[in-house]
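Try each task before you read its solution.

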Amino acid sequence: MPDWDALARFSAGESTPDEAARISSWLESHPDQAKLLAALTSSLDEGAGMNSQGEADVDVEAALRRVHRRMDTPTSAPPALRLSRRVAADASSSRRRWLLAGLVAAAAAMFAVLLVRDRSDSGMRNGTIARIGGASVGREIVTSVGVRDSVLLPDGSRVLLAPGSRLTISPSFGRLARDVSLLGLARFAVRHDARTPFVVHAGPAIVRDVGTTFVVRAPNDESDAEVSIAVTEGEVAVAARPSPLESTRLRAGDRAELDATGRIVAQPGTVTDDDVAWTRGVLVYRAAPLAVVRDDLRRWFGVELRVGDSLLASRRLTATFHGEGQPVEQVLNTIGLALGATVDRVGQVATLRRAAMPR
């Protein structure tokens, strides 16, 4: 992650020689970030005026709009060299540095997008959260095995996607409604707007925000249509697709589950910290059905879990795993011991079978 203050000092000509050399080297090896910093610096020059106290004043939003335009415009020289020449010619007061620092902070999300690209290219995404600065309407965001993505929606709402999940943002998002569709697992922190409701479509469920933070677990395919909703803050209204006008209200601490027929079973006051432990990379199961465990193994470890018979499939698991860093062999062995089963693994397929009774 860049040091925003150091970048601001560098652009204002206030870096020490060692710091300037280090930042110049970093910018030369990160041309996209260098281009953004050059655009920020140039936009600051264009947008700076004088307020009534004789101090420099900057319209940050206007400057950011200019940055967006510049990011799509080719530069005539390598960005790092352009910055170096600017610094040599403009080593003014520290006020410039603080103005630029504010502008850089406002554009931090744009830097984050570029850093995600760098990490992806260098194979460093596994086990990390890739923070996306913003998502446009009509966009589809898909997470890979073992990777969580934090998404900022156009309305300011935030979504944390679990591994192996898919979020689709409606092309009409923000105009008449704010609709998204989910396959997988996600936590939503919604910016409430009574005039434009926020709606999550997940399997047979329709979840309408009433100003809240909540978790939705939806099937990744049609073979397992059960959906669960856990509310950690505020309130939501849950309806089933066959009867969208008949809804059930859930408040903080409440949970609901919907089966394939659209039947809603509310469980007031049952949500605990375990329901959001996955946001920290921890998988906590308390008498969890194997269908849930199977989905998580697919998302976090890329392993397909198969169950040998119906009796074993009806058993429930109580265990805690670390989705980031714990060997999958250890996870599978623990599951087998907890369920009284053996685990046969071939490649990315693990099969559970009831352990033979001792004679």
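**Exercise 1.** Find the backbone oxygen that lies 3.0 Å from a polar atom of the side chain of Arg255, then describe the surroundings of Arg255.

*Solution.* 
Step 1. The oxygen belongs to Thr270. Before going on, note that this is a predicted model: local features need pLDDT of at least 70, side-chain atom pairs count only at pLDDT 80 or more, and totals for chains, interfaces and linings use all residues. Residues are numbered from 1 along each chain as its sequence is written, and side-chain values use heavy atoms, with hydrogens and water left out.

Step 2. Look for a side-chain partner: Arg255 makes a polar contact with the side chain of Asp275 at 2.6 Å. (A polar contact is a pair of N or O atoms within 3.5 Å; within protein, one must be able to donate a hydrogen and the other to accept it, and residues adjacent in sequence count only if both atoms are side-chain atoms.)

Step 3. Leaving aside neighbours within four places in sequence, Arg255 touches residues including Ile229, Leu250, Val265 and Val271.

**Exercise 2.** Which strands do bridges join to β11?

*Solution.* 
Step 1. Start with β10 (residues 198-202), which is joined to β11 by 4 bridges and runs antiparallel to it. (Strands are DSSP runs of E, at least two residues, numbered from the N terminus.) Ala202 has Ala205 in β11 as its bridge partner.

Step 2. Now take β14 (residues 235-240): 5 bridges join it to β11, again antiparallel. Here Asp209 is partnered by Val236 of β14.

Technical notes. Contact = heavy atoms within 4.5 Å. Pairing = 2+ DSSP bridges.
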